[in-house]
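Here is a quick tour of a model, one topic at a time. Have the viewer open and follow along.

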Amino acid sequence: MSSKFRLQSGGEINRSEAISFKFNGKTFFGYKGDTLASALLANGIHLVGRSFKYHRPRGFLGSGSEEPNAIVQVYKDEAKKEPNVRATEIEIFEGLEAKSQNCWPSVNFDFGEINNLFSPIIPAGFYYKTFMWPAKFWKKYEYFIRKSAGLGISATQRDPDLYDHKYYHCEVLIVGSGPAGLAAALIAAKTEKKVLLVDEKPEIGGSLIGSNDNVIRINNDTPKDWIKKTYLELLKNKNVQILNRTSVASYHNYNYLIMVQNLTDHLNENDKKNKIRQRLWKVRAKKVILATGSIERTMIFDCNDRPGIMLSSAVRKYLNHYAVKCGNNAIIFANNDDAYETALSLHSKGVKIKAIIDIREESNGDLVKKCTDLGLKIMWKHSVVSTGGHKKIDKVFVMKLSADNNSVVGDKIKINCDLLCVSGGYTPAVHLFTQSGGKLSFDEKKFYFYPVKTTLNQISIGSCSGIFNLKKIIQDSNLKVNDFLKTEIKNEIIVSDYNSGNFKNIWLLPSDKVTGKTKSFVDFQNDSTANDIKLALREGFKSIEHVKRYTTTGMATDQGKISNMHALGIISEITKTKMGELGTTTFRPPYTPLTFGALVGRNVKQFFDITRETPMHSWHKKKGAKFEDVGQWKRAWYYPVNNENMHDAVQRESKAARNNAGILDASTLGKIDIQGRDANEFLNRIYTNAWSKLDIGKCRYGLMLNEDGMVYDDGVTTRLGENHYIMTTTTGGAATVMNKLEDYLQTEWPELKVFLTSVTDHFATVSVCGPNSKKILEKIVKNINFEDQKFPHMSFKDGIIDNIKCRVMRISFTGELSYEINIQANYGKAVWEKCMDAGKEFKITPYGTEAMHLLRAEKGFVIVGQETDGTITPVDLQMDWIVSKKKYDFIGKRSLYRSDTMKDGRKQMVGLLTTDPNEILEEGAQIVAEVKKKPPMNMLGHVTSSYYSPNLKKSIALALVKNGKNLKGKKLYVPMQNKIIEVIVSDSVFLDKEGNKLNA
Amino acid sequence: MFIIKCPYCGERDHTEFSYGGEAHIVRPKQPTELSDDQWAEYLFMRKNIKGLQYERWNHSHGCRQWFNVARDTSNDKIHLIYKMGENPPK
Ligand SMILES: [Zn+2]
């Protein structure tokens, strides 16, 4: 089970726990503690994917969340396919299956590689330029582009995993557990403050993980031992919580951070069962300490993307932490001293160092001296100009840099190797800092952006603030954290120190080839080269944000963690603009990709949204009612009998309501209890009609406008007492009407003494209508005299049903004689059943919202939101009668006299009758006066409501039509896909214009 | 993503609140005496400042009270919170 590239000893893997996993269908073995990347590398596998555009073979570049190449598909079944996962972050477990992405049909044989041979034809903006026209061809292009590009495949079934959300408050949040983060945690732990320390990796330690034991000592311990001791020390403090595998996705204003904690991805299938997979933390921290570290840079030279070309720090981590050699014959390519730690590590583990190529002239650093002492070959002021090897690097070509570094000179030297460790210096990971609104500055000598200004209670420490020397990191962190927490805690951490030489930066290395012949990759994941950037600049793109989009540099799933700096550098060099003046691109959340599961948490299925059910819901359900959603409410839509279809059920229900008796659950209507000295004046101001003369015990229909004069809501309000009213609103408008009323009361008319209470859920409303309704009510509410003189239309009485108080209103939305019983919600179902029993001899029929809509349309009653859409005034509805001319003011009044609302030719509500009475119009259909052979035609308006009326035995419709009030009797047309329907403009009241039924 | 200190309840997450637009726009007492332009000015025109802006907020998932907030829209920093009816600071 030993793998070729695994060291016999050392590392933080558990050699006694072997794990088998599948990659691209083949079984491999690794150890507990391995990532997919380290386990594959231990097996000598470097080729793990194909590049996006050219399908070039790609291997591992890094070892963490910055990895741009090793993006894989984790596969279990159709429900648990996960695309775009970084192999460097997957901890292997028994049964893991992963596949390369972006290669078809296989990673070793890839048809798309033909793109590579023709690569000059795929420059920046190629897709924009080529696949644009003709538009109808796009579908064909897309099919091929998608198939050969393929950024992974999503699951096709419901995610079976559990996800959780957690809200958390703490006083100090420390992001990152490298040397700076740990130093900060040690200080914070000694305060009484509640501290949270998070790190995205499975283990704490940050950059110290994988460092060379022989080079670094902390408090005379190896870095590993110091990390362990520090961890135990921190655990002793009850005020400290440590979360690993927890990545901060976003950092918002007011120190609000969203983090995702991975809980089970690293466990085997059995241990995963019934556990929460990921938890989304929503953290509010009083103080935030960012210790997010830095990301090593690659260097930009021809063919810098072959498998086996890796970041020097990653090679070191694979070697020291996972005990994996990434090759046997290594070349180091560096512009700084840090790479020499890698050289020393590799050398000590038996990897042959073929050469160290350094673009600097010299370095007097201690590590360089050690390498010299060991006899390692260092080629100063040389550069790699190209590499060879198809699926894995097998050689590099090296040339001497000219005195001014602008070109290469002398002979081209070929050196064979199987590993090239590149170290281009470090970029502070300032992503979270900038997300939080922090401002960066560019250091023109050290070539990086560093944090300078924040408005939040926050500091950046360690290498994310631009300090890379370990001793300085500790000193600086101790100082800054004590200052930040207002403490004076001595935090002695003694670090073995070594002297480092200077770092030297060249963004784009010179080549012996002519421009255009090189493939110097800047963004590995999106396959953009230095030439693409140059082309974009030649074509006139200047802003970094434009160049980025045109070349797609930095726009892949890694968000340019590796590529952004080089792209900026190259632009700066070509345009001769200082980097600081170019500005950076915006780093947007999330820092690393998030699963949808984590985002939605528990808000799935029945928890996705609240559903509201009326007290009679179970009765409707038992009777087989179909429901419709009205806002969050479930309303009975219709009650099919004997397998009726919807049309038949609605026709039957509508007829029954007019001929005998119908019963409707109207509990969802909004109800607002209004009390107070000025309640009457208040209603006067919010409704369009006059309210001052409404007697106690009477009801009135009211229309409410917005201040812009447009219809907002409607409903019946009843005067229960001298200073007591109950208002009803539309089902959907209940909450917004309440908001609006409160707003006016609190902000415009605080002098009015009015108290509002939302009582929608407190009452159940049973509406009984039809010629038999009175007889039914008489049987149930025995204390009320239902004689018309005593209890006329639009009035109210206090009733008693079985000793329970209720309110009975005689109001109607169907045009029939109609009563509404409002009773405490918990008696709703009992009263409903009582009505059904009492109504049996009168053929009472339950009807749903669809029949209700039909019945009111026969009467030409509007539904706010169906006949209106926020652009319709009461005058447009031809409801001038409800707008008081006498009242000095009400909400929206002035707007009814604006030139626009008064102009001729506005759309007005009318009725439509089809020439063929059996033809039913489609709601939403457009109306024209003149039919042309093909569009465009001059559209006059649209159909808002349309039904077949069983009571009138013909099709009826309501519509909004331009100048409609002057078109009565005129013939118009409704052009449909296959036919043109002829209609006649009519009055909008189709049935019982005189209102005889109401007063029957 | 900010925190608002409701003058009646104290500090709460901003998800408990709803925004109510520019503050100190008083509904005219005599709308009928205004020209169309004057009425349109009240009805439609809002400043939408980048920088310090006086605006209305409602603790809609709390005490349901309206109040005024002086907020810098460029960085969401809240400089002052004061009750309805109180005058903005000079
Ligand atoms: Zn409050």
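## The zinc site

Four residues of chain B hold the zinc ion: Cys6(B), Cys9(B) and Cys63(B) through SG, and His59(B) through ND1, at 2.0 to 2.3 Å. Donors here are N, O and S atoms within 2.8 Å of the metal (3.2 Å for Na, K and Ca), and water is not among the atoms, so sites may look incomplete. Along the sequence, the donor residues are spaced C-x2-C-x49-H-x3-C.

The arrangement is tetrahedral because the four donor atoms subtend angles of 104 to 115 degrees around the zinc ion; the label asks for four donors with all angles between 85 and 135 degrees. As for cover, Cys6(B) is buried, at 2% relative accessibility, while Cys9(B) is partly exposed at 29%. (Buried means under 20% relative accessible area, exposed over 50%, partly exposed in between, with a 1.4 Å probe and protein chains only.)

## How the model is read

This is a predicted model, where local features need pLDDT of at least 70 and side-chain atom pairs count only at pLDDT 80 or more, while totals for chains, interfaces and linings use all residues. Residues are numbered from 1 along each chain as its sequence is written, chains are lettered from A and ligands numbered from 1 in the order in which they are written, and side-chain values use heavy atoms, with hydrogens and water left out.

## Chain B as a whole

Chain B has one helix and six strands, running β-β-β-α-β-β-β along the sequence. Helices (H or I, at least four residues) and strands (E, at least two) are DSSP runs, numbered from the N terminus. The C-alpha atoms of chain B fill a box of roughly 45 × 30 × 25 Å along the principal axes.

Of the 90 residues in chain B, 38% are buried. Take the contacts (heavy atoms within 4.5 Å) in chain B between residues at least 6 apart in sequence: 47% of them join residues at least 24 apart.

## Helix H9 of chain A

Over in chain A, helix H9 (residues 338-348) is mostly covered, with eight of its 11 residues buried. Among them are Tyr340(A), Glu341(A) and Leu344(A). What lies over the buried residues of H9(A)? The cover includes helices H8 (312-320) and H10 (366-373), plus strands E16 (329-334), E17 (352-358), E18 (378-380) and E22 (419-423), of chain A.

Just past H9(A) comes Gly350(A), with a positive phi of about 90 degrees.

Definitions and conventions:
Tetrahedral: all angles 85-135°; square planar, octahedral: opposite > 155°, others 65-115°.
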